[in-house]
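Biologist: Could you take me through one part of this structure closely, with every cut-off spelled out?

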Amino acid sequence: MGDTSHGTIYGINGPVIKVRGNHAFQMLEMVLVGHDRLVGEVIRILKHETIVQVYENTTGLKTGEPVVSTGKPLTVKLGPGIIGNVFDGIERPLVKIAEDTGIYIKRGSVMNNLDTEKLWDVKMLVEPGDYLNQGEVFAEVKETESVNHKIMVPPGIKGEVIEAVGDGQYNIEKTIVKVRDEKRIHNLTLVQEWPVREPRPYYRRLPLDIPLITGQRVIDTLFPLAKGGTAAIPGGFGTGKTLTQHQLAKWADADIIVYVGCGERGNEITEVLEDFPELIDPRSGRPLMERTVLIGNTSNMPVAAREASIYTGITLAEYYRDMGYDVAIMADSTSRWAEALREISGRLEEMPAEEGFPAYLPSRLSEFYERAGRVENFNKTLGSVSIIGAVSPQGGDFSEPVTQNTKRFIRCFWALDKSLAYTRHYPAVNWTNSYSEYSDELSGWYNEIAHPEFMNKKAMLSRILQEEGKLLDIVKLIGSDILPDEQKLVLETARTIRQGFLQQNAYHEQDAYVPVQKQYLMMDSILRLYEKTTRLVSLGIPVSVIRKSGVFEELIRIKYNISNEDTGAFDELNMKLETRLDEIESDYKQN
Amino acid sequence: MNVEYIGLKEISGPLVVIDGVKNASYEEMVEITVGKNKKLGRIIKIEGEMCVIQIFEGTRGVSLENTHSRLLGKPLRMPLSMELLGRVLDGIGRPVDGLGEIFPEKSRDINGEPINPVMRKYPRNFIQTGISSIDGLITLIRGQKLPVFSGSGLPHNKLAVQIVRQARITDGENDNFAVVFAAMGVKYDVAEYFKQSFKKSGVLDRVVMFLNLANDPVVERIVTPRCALTAAEYLAYEKGMHVLVILTDMTSYAEALREISSSKGEIPSRKGYPGYLYSDLASIYERAGMVKGSKGSITQIPILTMPNDDITHPIPDLTGYITEGQIVLDKNLAFKGVYPPISILPSLSRLMKDGIGEGYTREDHPQVANQLFASYAKVQEVRALASVIGEEELSHIDKIYMNFGREFEKNFISQDFQENRSIEETLDLGWRLLRLLPEEELDRLSPEITDKYFKAPESREGDF
């Protein structure tokens with residue numbers, strides 16, 4: 001420990017401590033605070049004093065206790081053993097902590113982030129004499145049944161392989177390859193370290209033209225998110241942010257899911273832990289937990305670690321992106337993270353900007369969201385990180401600073417609506433003030449892969465909903481009875497769209513996840529009906545007569561009645577509805 | 001360790017500053033002697049040899065010179081023992097019922113420690129409260145934190161008492177329960193009302209009461225819920241009891257926090273509340289739950305009065321983000337004479353989805369609840385329309401909704417203070433109300449459930 005330098009604690013105020021007696025601390029360096037060696041980070045350096053934020057509860061800490069420098073920034077360990085695990089905000093394994101300290105999280109539980117004893121089956125891909133560049137894959141480990149973990153050369157290292165072990169079982173600390181460059185020899189193990197606040201490098205960025213399919217109709221069809229894109233889910237309490245995030249974590253077609261529970265409820269982490277091992281990924285047929293990493297800093301855990309948890313999450317996501325995987329990271333909720341910034345900023349007595357938030361809130365948000373993207377890696381693979389951040393606006397008011405600043409850095413906005421949630425319309429995504437800027441870039445994919453008519457039909461669907469919005473303003477004033485029949489039909493069709501299409505039951509076997517093909521067919525059936533009924537109405541048949549025939553109700557129930565695989569059933573359904581409407585027409589003509 | 005510090009450097013509201021302190025630790029307890037009185041305080045900030053101390057009993061009568069202080073070397077601890085049951089304590093856990101000291105089996109830091117999420121058990125057991133609107137639509141689950149958002153003049157205390165009296169667990173663990181009651185800044189007669197009600201329903205010997213009344217020191221209010229929850233954790237996780245914790249009134253608690261924050265000179269965020277209000281409230285609410293390795297549970301019912309009946313006020317707002325739902329009381333319903341005046345639409349129980357239905361309550365429960373919510377939401381739309389164009393002008397179907405709304409409020413939400421309805425009665429009542437509506441209006445029901453419950457002739461008895 002020759003190069004470590006000491007300081008001593010001078011002042012304590014919640015998670016913020018003042019250190020004196022050493023001037024050699026670096027900005028954003030990780031330090032160990034007190035006799036319990038609590039993890040902290042240097043956040044400000046003054047002439048005589050260094051300010052440190054501590055990632056653990058500071059109760060009982062005394063002035064005069066030592067603060068030890070580590071000489072490196074806050075880093076995470078990246079290697080096999082991440083997937084399926086639950087970490088706290090600074091990548092300490094919660095399961096391991098539970099084994100050591102029981103139901104409560106005790107302080108100063110410094111330990112290895114990843115299991116150092118477990119032996120992994122390593123398949124080597126290089127031999128002595130090979131040349132390795134940064135990011136290149138030199139070994140493979142089957143991390144779970146669903147995830148093939150590629151061991152890569154850490155960024156900044158390249159050279160000739162001078163030693164390599166054979167295939168076999170190794171722990172993560174064993175040197176398996178030695179690489180020599182001009183200056184020195186690098187020992188490579190299964191694990192590498194990376195500072196969480198720094199984005200991991202890639203070769204180049206790619207356009208975002210592939211959607212992240214989520215199986216949620218209102219998202220995939222109306223407001224799609226691109227792989228490598230960014231989305232925000234704002235909503236007051238009780239509007240279903242977490243429910244929506246869980247749905248996305250379950251069904252999004254990403255290879256890896258990083259779920260960051262940031263300052264939210266403990267039971268929500270527990271729910272994921274209980275549900276995910278039992279849920280089956282529709283694509284791989286394996287439990288969802290085998291592709292999921294959880295990071296939990298619940299609302300009662302130390303606030304400084306909440307600030308770090310978001311960075312820890314995105315760093316893990318980038319690491320798997322580098323292997324060529326499509327990664328989606330769910331941050332629930334970014335508002336808690338912003339509040340953690342505010343709390344620390346307040347304790348530093350910084351000049352606040354809006355509502356007490358620090359002036360650097362927008363730059364921190366943009367730094368985070370800019371780490372999303374679809375890229376070509378140094379090892380020629382293609383990977384992506386998509387960010388979906390929940391926002392919990394105070395009082396459900398979208399004009400508050402976190403929502404407003406987030407809006408500037410995301411391109412997909414899924415606004416959750418209290419009045420929809422009150423009627424138990426879930427997902428409560430409001431279709432009038434949500435948007436996706438990716439629609440145009442993704443239209444090629446939808447028209448090619450889903451159906452050539454997809455974008456046209458979607459536009460029609462949106463038009464009907466928009467029309468309804470206008471009409472409802474009138475209805476609120478004078479009632480729906482005196483509207484002309486064409487407009488009543490619009491209302492009826494929009495109701496069918498809302499209840500049969502936009503509303504989706506997360507707990508129904510068939511409805512929890514719906515493939516894009518079926519989404520198209522559902523949309524198609526509704527629009528066919530609209531077309532046909534418009535004709536009937538123009539003939540003078542009242543909407544009430546059409547309504548009585550039950551065609552709309554029939555359509556509303558297709559989400560339950562037609563299974564995801566049974567696409568043929570739609571032809572039958574369309575035929576059936578058509579005949580029924582023809583009957584109405586002929587009856588009407590006879591009378 | 002027995003160094004005494006004479007005099008103070010500064011006094012500001014409930015805070016005092018002592019200079020020249022060596023070896024102080026953060027959140028350590030301090031005993032300050034003023035004449036013959038001893039006051040307790042807690043170190044909340046250290047700057048070199050200067051300590052800022054929060055005095056629990058207030059600073060009245062304290063001067064810069066008439067005190068001497070002693071550091072106690074440890075954070076505030078709560079003595080714990082089974083003897084707590086049936087006792088009345090003050091806001092920092094000292095007996096005030098004249099029955100003598102409590103002999104502690106052990107003591108715990110009142111701040112507790114965060115529960116490791118991997119050691120939690122996801123709550124799934126339904127608690128029957130006998131109140132239709134709660135059981136049917138906002139189901140309470142064992143281990144849940146479900147606050148009551150109320151306003152002044154509304155019967156939230158009565159509702160809490162009815163819940164305590166009627167709460168039944170379905171798996172025969174009924175004898176193994178305890179109630180921890182923490183009053184923060186409530187009036188004497190409110191505390192007395194709770195005490196008498198507990199006595200009447202014969203549960204008093206299973207209740208631990210912590211009283212910080214409206215005229216008690218404000219700083220003490222900050223630790224009252226923490227003492228109460230430390231006792232609750234002991235009873236639940238160490239003694240395996242099912243503990244119902246009632247915290248009233250959280251608004252007074254938050255205001256106490258604001259008062260202290262402003263005397264510390266902290267930068268305020270919304271409405272003058274400190275920026276850490278969310279984390280602070282979470283450190284209380286998150287102490288509800290169930291953990292692995294213990295059969296006990298802590299169910300929290302915090303009560304808060306919304307200032308100016310504003311649900312977007314920081315206190316209810318931040319509470320709603322932490323708790324697992326909320327029961328919202330409504331003035332308009334109370335004016336109409338509805339008891340309990342629970343406003344269904346903004347109320348919610350987040351945990352109910354996993355604790356109701358087949359195997360828990362009854363298979364039709366999720367769908368009935370969903371349909372009642374949707375139909376009652378429609379009633380609100382129709383009412384808004386009726387207030388513009390008059391009820392006479394409404395269409396036929398809208399008139400049916402108006403009628404449904406009235407009957408729903410009269411028969412489902414309303415119920416007597418003494419009336420205890422089983423979950424089956426509640427659900428059947430729900431079906432009877434839904435039958436007021438034509439079948440094509442019921443879009444949240446599956447065909448099977450409709451056939452079995454909506455159309456079934458045997459359950460149609462007593463239809464409206």
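Modeller: A residue is called buried if 20 or more other C-beta atoms lie within 10 Å of its own, exposed if 12 or fewer do, and partly exposed in between, with the C-beta atoms placed from the backbone. This is a predicted model, in which local features need pLDDT of at least 70 and side-chain atom pairs count only at pLDDT 80 or more, while totals for chains, interfaces and linings use all residues. Residues are numbered from 1 along each chain as its sequence is written, and chains are lettered from A and ligands numbered from 1 in the order in which they are written.

A:Arg374 counts as buried because it has 22 C-beta neighbours inside 10 Å. A:Arg374 belongs to strand β23 of chain A, residues 373-376, where strands (E, at least two residues) and helices (H or I, at least four) are DSSP runs numbered from the N terminus. Beyond the residues within four places of it in sequence, A:Arg374 is in contact (C-beta atoms, placed from the backbone, within 7 Å) with A:Leu206, A:Leu208, A:Lys227, A:Gly228 and A:Ser384. By contrast, A:Glu349, 25 residues away in sequence, lies 39 Å from A:Arg374, C-alpha to C-alpha.

Turning to where the chains meet, 62 residues of chain A and 62 residues of chain B take part in the contact. On the side of chain A that touches chain B, α4(A) gives the largest share, seven residues. Strand β1(A) pairs with β5 of chain B (residues 37-47) in the antiparallel sense over two bridges, pairing requiring at least two DSSP bridges between the strands, and A:Ile12 has B:Ile46 in β5(B) as its bridge partner.

Technical notes: Two residues are in contact if their C-beta atoms, placed from the backbone, lie within 7 Å.
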